Amino acid sequence: MAGGEAPLPVFVYGTLRRGGVNYAAFLRGRTADEVPARLAGAVLYEGPGYPFAVTAPAGEVRGELMTLAPAGHAAVLAALDELEGHRPGDPGSLYDRVVREVRTERGATVRAWVYLAGERIARRLRAEGVRVPGGDWPHRA
């Protein structure tokens, strides 16, 4: 359950980024800090209107580190789990929420929650997926 877990920030790289279609509904007004950041060791693949991050040694994903407001941390994390189709221990989960280190534009290395493609989906994407150029979705200049 999300309520008993460490209050880590969340690294977002798709529709939850500022300006993304899910930012206003899930994160606006519920964060204490938002800063551009990068996740090493992963690449992005195109999905049906949203991207999937998949572990890859030489890759890098661009996104934002969202530090959730302490008062609503557990509730926001639970809502994000629902949005991302994350069900702990379920091999059919759309995404798995894992702890990874991300580097902020301020130069800090921070442990954060990251939603990576579930293993079944990751295998399919590695075999036949379309990579997002530069690891930045949507394709930003």
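1. Leu-27 is buried, with a relative accessible area of 1%; in this predicted model, a residue counts as buried when its relative accessible area is under 20%. Leu-27 is placed in the loop that runs between helix H1 (23-26) and strand E2 (31-45). Its C-alpha atom is separated by 7.4 Å from that of Leu-16, although the two residues are eleven residues apart along the chain.

2. Which classes of residue make up the lining? It has ten nonpolar residues, three polar and one charged.

3. The structure holds three aromatic pairs. One of them, formed by Phe-52 and Tyr-95, is stacked, with 4.9 Å from centre to centre and 20° between the planes. Phe-52 belongs to strand E3 (residues 52-68) and Tyr-95 to strand E4 (residues 95-104), so this pair ties together parts that are 43 residues apart in sequence. For the student, a pair of aromatic rings is described by the distance of the centres and the angle of the planes.

4. Arg-97 lies over the face of Trp-113, at 4.3 Å from the ring centre.

5. Helix H2 (residues 73-83) has the buried residues His-73, Val-76, Leu-77, Leu-80 and Asp-81. Why can these be said to share one side of H2? They cover an arc of only 140° around the axis, and therefore they lie on the same side of the helix. The face of H2 turned away from this buried side carries Ala-75 and Glu-82, which are exposed. The general rule behind such a pattern is that an α-helix has 3.6 residues a turn, so residues three or four places apart point the same way.

6. In helix H3 (119-128), the residues Ile-121, Ala-122 and Leu-125 are buried. Their arc around the axis is only 100°, which means that they are on the same side of H3. Ala-127 and Glu-128 are exposed on the other side of H3.

7. The loop between H2 and E4 holds Gly-85 and Pro-88. Gly-85 is buried, with a relative accessible area of 15%. Pro-88, at 64% relative accessibility, counts as exposed, because the term applies to values over 50%. In space, Gly-85 is 8.3 Å from Asp-96, C-alpha to C-alpha, while the two are eleven residues apart in sequence. For Pro-88 and Ala-53, which are 35 residues apart along the chain, the C-alpha atoms are separated by 18 Å.

8. Where in the chain is Pro-138 found? Pro-138 is in the segment after helix H3 (119-128). The peptide bond leading from Trp-137 to Pro-138 is cis, with omega near -15°.

Terms used:
Residues are numbered from 1 along each chain as its sequence is written. This is a predicted model: local features need pLDDT of at least 70, side-chain atom pairs count only at pLDDT 80 or more; totals for chains, interfaces and linings use all residues. Side-chain values use heavy atoms; hydrogens and water are left out. Ala, Val, Leu, Ile, Met, Phe, Trp, Tyr, Cys and Pro count as nonpolar, Asp, Glu, Lys and Arg as charged, and the others, Gly among them, as polar. Helices (H or I, at least four residues) and strands (E, at least two) are DSSP runs, numbered from the N terminus. Rings of Phe, Tyr and Trp (its six-membered ring) pair if their centres lie within 6.5 Å; planes under 30 degrees apart count as stacked, over 60 as edge-to-face and the rest as tilted. A charge sits over a ring if NZ of Lys or CZ of Arg is within 6 Å of the ring centre and within 35 degrees of the ring normal. Buried means under 20% relative accessible area, exposed over 50%, partly exposed in between (1.4 Å probe, protein chains only). The arc is that of the directions from the helix axis to the C-beta atoms.
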